[in-house]
Amino acid sequence: MPITPATATHSSSNGTAEAILLELVDEDGTTIGTAEKLTAHQPPGQLHRAFSVFLFDERGRLLLQQRALGKYHSPGVWSNTCCGHPYPGEAPFAAAARRTFEELGVSPSLLAEAGTVRYNHPDPDSGLVEQEFNHLFVGMVQSALRPDPEEVGSTAFVSAAELAERHAGDPFSAWFMTVLDSARPAIRELTGEAAGW
């Protein structure tokens, strides 16, 4: 894992699990405090900073990941390339690049900011709530994937038409369409109109 001032304080040298803290924010995205990750997701949820990454190949296909079955939140569902939470004090861009590498074993060849979206999505299966101020990123991936099986169950590159078909039949994360729709202007700029996004 790349060591930055933010990640250095969250690395355990003795292998024990440390509580993961999230950055709590107000409606404008200004940091107002921290909360433990699971606590922030308990109903009704605490508004916290998050990020979502959408990576594409040279053919304009979106890289999806299926969340590993062992994850406590939304296991086994399909979602965007990568999503997560910055550590307190960590820039969302740095967190997005870090988690993409940790989960998928690749560094984006291009990664650009694509705006933010605020949402409140309860997950009926887990009972947890995604109350998030989400920073969106779009980019390109050109390297072979090396997914971490503890994080990722499967991956797939899909065209816009293939995504619509898959979304109609497979379970997807509660937040997926919200973040995808919010990122679409940047996705179209990246992939071109012909890709159909």
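Start your selection with Phe54, Leu62, Leu64, Leu163, Phe176 and Ile187: within the largest nonpolar core, which has 25 residues, these touch the most other members. A nonpolar core here is a set of buried Ala, Val, Leu, Ile, Met, Phe, Trp, Tyr and Cys residues joined through side-chain atoms within 4.5 Å. Buried means under 20% relative accessible area, exposed over 50%, and partly exposed in between, using a 1.4 Å probe and protein chains only.

A word on what you have open: this is a predicted model, where local features need pLDDT of at least 70 and side-chain atom pairs count only at pLDDT 80 or more, while totals for chains, interfaces and linings use all residues. Residues are numbered from 1 along each chain as its sequence is written, and side-chain values use heavy atoms, with hydrogens and water left out.

Helices (H or I, at least four residues) and strands (E, at least two) are DSSP runs, numbered from the N terminus. Which of them gives the most?

Now click on Ile187. Leaving aside residues up to four places away in sequence, Ile187 touches Phe54, Phe56, Val138, Leu180, Gly192 and Trp197. Touching, or contact, means heavy atoms within 4.5 Å.

**A second core**

Then pick Ala96, Leu104, Leu111 and Phe137. They are among the 13 residues of a second, separate core. As background, nonpolar side chains tend to be buried together in soluble globular proteins.

**A stop in a loop**

Move on to Ser74, which you'll find in the loop between strand 4 and strand 5 (78–79). Is Ser74 buried or exposed? Ser74 counts as buried, because its relative accessibility is 6%. Its contacts, not counting residues up to four places away in sequence, are Arg67, Asp123 and Trp175.

**Zoom out**

Finally, show the whole protein as a cartoon. You can find 5 helices and 9 strands, and along the sequence they follow the pattern α-β-β-α-β-β-β-β-α-β-β-β-α-α. The C-alpha trace spans about 45 × 35 × 35 Å along its principal axes. Of the 197 residues, 48% count as buried. As for contacts with a separation of 6 or more, 66% are between residues 24 or more positions apart.
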